[in-house]
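Here's a quick tour of a protein model, written for someone new to reading structures. Keep the picture open while you go through the points.

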Amino acid sequence: MLTCKDFLRELSDFLDENLDAEIRANLEQHITECPNCWVIADTTRKTIKIYKGMEPYPIPSDVEERLMQALERKMASKHQ
Amino acid sequence: MLVSSQAGIDDATLVAQTREGDARPFSELVRRYEGKVFRLAQHVTQNREDAEDVLQETFLKAYEHLDQFRGDSKFYTWIVRIAVNQALMKLRRRKSDKAVSLDETIDTGEDNIVREIAAWDEDPEQRFSREELGGILDSAVQSLEPLYRSVFVLRDIEDLSTEETAEALDLSVPAVKSRLLRARLQLREKLTRYFKRKGDDLFAYL
């Protein structure tokens, strides 16, 4: 019988869909019977989804300008 | 800025063209990944000035050592690896804090933190503006210890695989997995404060 601790230990692989069918079936069985683990799995899944959906902010133009200037100096020195 | 004529060309071709002595394709590679590298650098160093240094050093090093890129991994993974190394060096220099060491052994035992168990709405992030959400997510990541933060940033923000994350941080795959689990659970805990279903609090007072 799977405990909540067993479930938590496998949670990342469970959410990444990185488990054998048999272990996966056991974990799925556990969350149908354990509301706490269901909530933990669901909210952790949403946590990952929200972060993955985050686009990087556009890079500030002054930062990009200094980057491009540094690169141009580098390129010029390499091709002398 | 000039509109790039190289927008549709894949990374490997741009790398090959740069190696042949044309510097322009490299600028396109920079444009493709500068945003992600800058974000990663900010997350790891937590310092805007250091992040800008890391951004520059990363692309300068990549340009200088482009002949060492063998093409058996993606260009993006290679760049991320350079960026992570530069960022960790900054971090170590700034804080000689032992918590910064990524080699430190951590307890991977049973005490994964789960204190708050409250259901969230289906798309709880939609309650917040883009700016508010960005602030909430960034400050939650910043509150993680460096050794969890780096793993989470690479794995779940930059979307590297477990193996690529292990390679970039010079960690074993099991170490990446245990740190990732901790990081995810800690973030879940922190975000529950903002994202839990409205009304569920009521029951806490009954």
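A residue counts as buried if 20 or more other C-beta atoms lie within 10 Å of its own. With that cut-off, buried residues make up 40% of the 206 residues in chain B. Bear in mind that this is a predicted model.

**The overall build of chain B**

- Chain B has nine helices and zero strands, so reading from the N terminus you go α-α-α-α-α-α-α-α-α.
- Take the contacts in chain B with a separation of 6 or more: 68% of them join residues 24 or more positions apart.

- Where they touch, 10 residues of domain 1 of chain B are in contact with 13 residues of domain 2 of chain B.
- On the domain 1 side of that contact, helix 2 and helix 4 (75–94) of chain B are the elements giving two or more residues.
- Helix 4 of chain B has the largest share of that side, with five residues.
- Sorted by class, the domain 1 side has five nonpolar, three polar and two charged residues.

**The nonpolar core**

- In soluble globular proteins, nonpolar side chains tend to be buried together.
- Here, the largest nonpolar core has 61 residues.
- B:Ala41, B:Ala83, B:Val84 and B:Ala87 are the ones with the most contacts inside that core.
- Why does this core lie between domain 1 and domain 2 of chain B? Both domains give residues to it.
- Now zoom in on B:Ala87: leaving aside its neighbours within four places in sequence, B:Ala87 is in contact with B:Leu40, B:Ala41, B:Val44, B:Thr45 and B:Val54.

**A closer look at helix 8**

- Helix 8 of chain B has 23 residues and reaches 31 Å from its first C-alpha to its last, close to the 33 Å expected at 1.5 Å a residue.
- Helix 8 of chain B is mostly covered, as 17 of its 23 residues are buried.

- Most residues other than glycine have a negative phi.
- B:Asp159, which isn't a glycine, has a positive phi near 65°.
- You'll find B:Asp159 in the loop between helix 6 and helix 7 (162–169) of chain B.
- B:Asp170 isn't a glycine either, and its phi is positive at about 60°.
- Look for B:Asp170 in the loop between helix 7 and helix 8 of chain B.
- Are these aspartates buried or partly exposed? B:Asp159 is partly exposed, because it has 13 other C-beta atoms within 10 Å, and B:Asp170 counts as partly exposed with 13 C-beta neighbours inside 10 Å.

Key. Residues numbered from 1 in each chain as written. Chains lettered and ligands numbered in written order. Predicted model: local features only at pLDDT ≥ 70, side-chain atom pairs only at ≥ 80, totals over all residues. Core = buried A, V, L, I, M, F, W, Y, C linked by C-beta atoms within 7 Å. Buried ≥ 20, exposed ≤ 12 C-beta atoms within 10 Å, placed from the backbone. Domains from an automatic or database assignment. Contact = placed C-beta atoms within 7 Å. Helix = DSSP H or I, 4+ residues; strand = E, 2+ residues; numbered from the N terminus. Expected span 1.5 Å × (residues − 1). Nonpolar A, V, L, I, M, F, W, Y, C, P; charged D, E, K, R; others polar.
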